[in-house]
Amino acid sequence: MKFQGTQNYVATQDLMLAVNAAITLQRPLLVKGEPGTGKTMLAEEVAQALNVPLLQWHIKSTTKAQQGLYEYDAVSRLRDSQLADVDAGERVKDINNYIIKGVLWQAFTADQPVALLIDEIDKADIEFPNDLLRELDRMEFYCYETRQLIRAKHRPLVFITSNNEKELPDAFLRRCFFHYIKFPDAVTMQSIVDVHFPNLKRDLLTAAMKTFYELRNLPGLKKKPSTSELLDWLKLLMAEDIGIEALQSTDAKTAIPPLIGALLKNEQDATLFEKLMFLQSRNR
């Protein structure tokens, strides 16, 4: 299996090399990058390109590694054991009825190879990656309640994303192939936009891209706008039929581009940008 990109996802050469290296090494691909750079979408597009099912595990701050393996619903079993009907009694006898299979169990026991996305692993506590070391390395785990060794029929293609909110343990990193998705340059970004908005007017795109990269390069910006936010902004500009004149105004009162709330998400950045626009308008 080799990934060569898709029509819906612009993958750089180094990103395609990273995906194929992880496939060759049979190791998880750890993908980092700014939020909105397409880390999650990468797993979806690779799965589609390779024609394999995708299982997704979206991590929260409360997520425990055990949930990815299985959970034993002891409360339901106790409740059923207290019921008088025959069906509940028969159900209680089989402990398998109370085992909730997690995404790793599902991936390991699938009859065909699958892709597995562990999304935003850095949201969980620091022990979470360590708790998955053995399972991701040996592709097996033991279910004590049913006394089963669950071993992978096919090694899944594992994607792990991180926004770098926490450092990941060295032992975990050693088991992964790592790739950092750099923020797209103007040429790559235009290719991404063309995929989503093939009929966008060139002059409007040029003006919007100029504003977008000026924003990203603004010193002191608390949160830089991402690729997904640029796409949202362009979608709004098209929906409202806003022309290029609105993005190139020299009037101090209208120098702030329309719908800028799609790009700037806090008052500090909005105020900073307004001050910059005001100063630029005075110097013209």
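Of the contacts in the protein with a separation of 6 or more, 75% join residues 24 or more positions apart, where contact means heavy atoms within 4.5 Å. This is a predicted model, in which local features need pLDDT of at least 70 and side-chain atom pairs count only at pLDDT 80 or more, while totals for chains, interfaces and linings use all residues. Residues are numbered from 1 along each chain as its sequence is written, and side-chain values use heavy atoms, with hydrogens and water left out.

Let's turn to the overall build. You will find 13 helices and nine strands in the protein; these are DSSP runs, numbered from the N terminus, with helices being H or I of at least four residues and strands E of at least two. The protein is more spread out than a compact globule, because its radius of gyration is 24 Å, well over the 19 Å that the globule rule gives for 284 residues. That radius is taken over C-alpha atoms, and the rule is 2.2 Å times the number of residues to the power 0.38. Along the principal axes, the C-alpha atoms fill a box of roughly 80 × 45 × 35 Å.

Now for what is covered. Buried residues make up 45% of the 284, buried meaning under 20% relative accessible area with a 1.4 Å probe, protein chains only. After α2 comes asparagine 51, with a positive phi near 60°.

Methods. Buried < 20%, exposed > 50% of the residue type's maximum accessible area, 1.4 Å probe, protein only.
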